[in-house]
Amino acid sequence: MANEKPFLSDIKTLRDRARQHLEQGALGTNYGGDVRKAIEILQSVLATELVCVLRYTQHAIAAHGISSEGVKAEFSEHAKDEWEHAQAVAERINQLGGEPNFNPEGLATRSASQYSQGGNLVELIRENLIAERIAVDHYRELVRYFGNDDPSTRVMIEGILKVEEEHADDMHDLLVAHEGRPMLNK
Ligand SMILES: [Fe+2]
Ligand SMILES: [Fe+2]
């Protein structure tokens, strides 16, 4: 058949290329953007998510007060979401040929959001609202950064962003419920 040969040689070319660039990770050489920069950014996203896991988990356990039960449940729910985000980001770093950095040393420095503990219920809610807003702003920028150069990473970040917006909304509602008025403009 006339077109069998080019088809086979195409496959061979692809395979040869894949073999030659095994060290570049699962995606090979057709990555549209700067892969090193992408990995570096995602390491920071991973750290951000891990700090959020730690902060929400601590708050879910340590929150106290007469009306804390619903808030604790919400913190706990968010901690689970943040852990899922961390895992998805770590998987993506791995696909891009990087090694996801879970090292606790320097974690707070790599993270965009801050760790905090202590304070009354309203202070805890406010800290989480601030952290969510930082994450939302950061991830919106990243959606624009990845754009069409890396649609897979962009789509992942968009999915995470949607959840962070819901988290921010939840924290805002809790703040209003427990303080009677919003401390920050919604
Ligand atoms: Fe998250
Ligand atoms: Fe969040």
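This is a predicted model: local features need pLDDT of at least 70, side-chain atom pairs count only at pLDDT 80 or more; totals for chains, interfaces and linings use all residues.
Student: Which residues are the protein donors of the iron ion (ligand 2)?

Tutor: The donors lie 2.0 to 2.4 Å from the iron ion (ligand 2). Along the chain they follow the spacing E-x49-E-x31-E-x2-H. The protein donors are Glu 82, Glu 132, Glu 164 and His 167.

Student: Which residue coordinates both the iron ion (ligand 2) and the iron ion (ligand 1)?

Tutor: The two iron ions are 4.0 Å apart. The residue that coordinates both is Glu 82.

Student: How many residues apart are Glu 132 and Glu 164?

Tutor: Glu 132 belongs to helix H5 (residues 121-146), whereas Glu 164 belongs to helix H6 (residues 151-179). The pair thus links distant parts of the chain, and its separation is 32 residues.

Student: Is Glu 132 buried or exposed?

Tutor: A residue counts as buried when its relative accessible area is under 20%. The relative accessible area of Glu 132 is 1%, so this residue is buried.

Student: Is Thr 109 buried or exposed?

Tutor: Thr 109 lies in helix H4 (residues 107-110). Exposed residues have a relative accessible area over 50%. Because its relative accessibility is 71%, Thr 109 counts as exposed.

Student: How far apart are the end C-alpha atoms of H5?

Tutor: H5 has 26 residues, and at 1.5 Å a residue it should span 38 Å.

Student: Which residue caps the N-terminal end of H5?

Tutor: The cap involves a side-chain oxygen that lies 3.1 Å from the backbone nitrogen of Val 122. The residue that supplies this oxygen is Asn 120.

Student: Which residue just after H5 takes a positive phi?

Tutor: The phi angle in question is about 40 degrees. The residue that takes it is Gly 147.

Student: With which residues is Val 89 in contact, leaving aside its neighbours within four places in sequence?

Tutor: Val 89 is among the residues with the most contacts inside the largest nonpolar core. Once neighbours within four places in sequence are left aside, its contacts are Leu 42, Val 45, Leu 46, Met 156 and Ile 160.

How values were computed
Residues are numbered from 1 along each chain as its sequence is written. Chains are lettered from A and ligands numbered from 1 in the order in which they are written. Side-chain values use heavy atoms; hydrogens and water are left out. Helices (H or I, at least four residues) and strands (E, at least two) are DSSP runs, numbered from the N terminus. Buried means under 20% relative accessible area, exposed over 50%, partly exposed in between (1.4 Å probe, protein chains only). Donors are N, O and S atoms within 2.8 Å of the metal (3.2 Å for Na, K and Ca); water is not among the atoms, so sites may look incomplete. The expected span of a helix is 1.5 Å times one less than its number of residues. A polar contact is a pair of N or O atoms within 3.5 Å; within protein, one must be able to donate a hydrogen and the other to accept it, and residues adjacent in sequence count only if both atoms are side-chain atoms. A nonpolar core is a set of buried Ala, Val, Leu, Ile, Met, Phe, Trp, Tyr and Cys residues joined through side-chain atoms within 4.5 Å. Contact means heavy atoms within 4.5 Å.
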